[in-house]
Amino acid sequence: MKSAPVTDRSEQKQILLTNDDGIDSPGLWAAAEYLAPLGFVTVVAPRQQWSGAGRSLPLHTEGRIAVQEITVGRQNWKGYAVDGSPAQAVLHAVVELMPSYPDLIVAGINYGENVGSGVTISGTIGAALEGASFGIPGLAVSLQTDPSFHLSNSHDINFAAAGHFTQRFARLLLYQQRLPDVDVLKVEVPETATPATAWRVTRLSRTRYYLPQRPERANLGDRAKVGYLRQIEPERVEPDSDVRALLDGVISVTPLSLDITSRVDLATIQALYAANGDTPPASAQES
């Protein structure tokens, strides 16, 4: 929330900004700067690093909220640091901190790309989907980086291009008519991108972009975590996918839906399963 003089808040578009890298992330505050011209930005983010949280609502978190002041550029901002996951930060923002549902929820800018079959792991995507479950359009933005930067909150990362496209697609979501079955736009920005980089509408790749690595330990009772490496086999990457867009050096824009039902014909699968069962299934009309 900006402390600098603003026009009547009630006349502005209301934007909720969150992330999964924590309230101190330079990517979060870069997004705040680029979103500020579009409306009133309320920043509500986890108190600490929550990458890999998906849309989880962990029972062990306490939900404590602390007000945090930060200066970005020439503006003073007030943010809310939540003891909880990205999705829980969104819940607190929507049901407790904001006077009404925001016009848009933005998650990011994330350190590291969220592409392929692993997007449900992402706390960035999870936060945007949590907002979408309230009917709020969502934008999830990630910047491709070397994996060594993923949990770093490094100030050596340049967010200018990612900020530009955050603003561009946020404006579209705020002012254009919503498309049916598009709950979140997932935007992936190549590390080489500039504001002039082309963008492409894509679908999720089925490839596993991050390959899990076996932990090194002497005994199973020792502390250890499954690591990961970025591993891409270009010949297996679908031509219309988010991964292919990054390989081609263009912005990937993927429309996501809360409806993750398989696209198989439902009548076909019902007939297939019924042929192997003793009890006739109920039709959709009967249920």
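**Close-up 1. Strand E5 (residues 104–111), helix H3 (residues 123–132) and E6 form a right-handed β-α-β unit.** The model is predicted: local features need pLDDT of at least 70 and side-chain atom pairs pLDDT 80 or more, whereas totals for chains, interfaces and linings use all residues. Residues are numbered from 1 along each chain as its sequence is written, and side-chain values use heavy atoms, without hydrogens and water. Helices (H or I, at least four residues) and strands (E, at least two) are DSSP runs numbered from the N terminus. Right-handed denotes a clockwise path from the first strand over the helix to the second, with the strands pointing away from the viewer. The crossover from E6 through helix H4 (residues 160–175) to E7 is left-handed.

Close-up 2. Pairing requires at least two DSSP bridges between two strands. E5 and E6 are parallel and share five bridges, with Ile-105 as the bridge partner of Gly-138. Six bridges join E6 to the parallel strand E7 (residues 184–189), where Val-184 stands opposite Gly-138.

**Close-up 3. Strand E6 (residues 138–143) is largely enclosed by the rest of the structure, because six of its six residues are buried.** Buried means under 20% relative accessible area (1.4 Å probe, protein chains only). Gly-138, Ala-140 and Ser-142 point one way from E6, and Leu-139, Val-141 and Leu-143 the other way.

**Close-up 4. Thr-207 lies in the loop between strands E8 (199–201) and E9 (210–213).** Thr-207 is buried, at 18% relative accessible area. Beyond neighbours within four places in sequence, its contacts (heavy atoms within 4.5 Å) include Gly-116, Arg-236 and Val-243.

How values were computed. Buried < 20%, exposed > 50% of the residue type's maximum accessible area, 1.4 Å probe, protein only.
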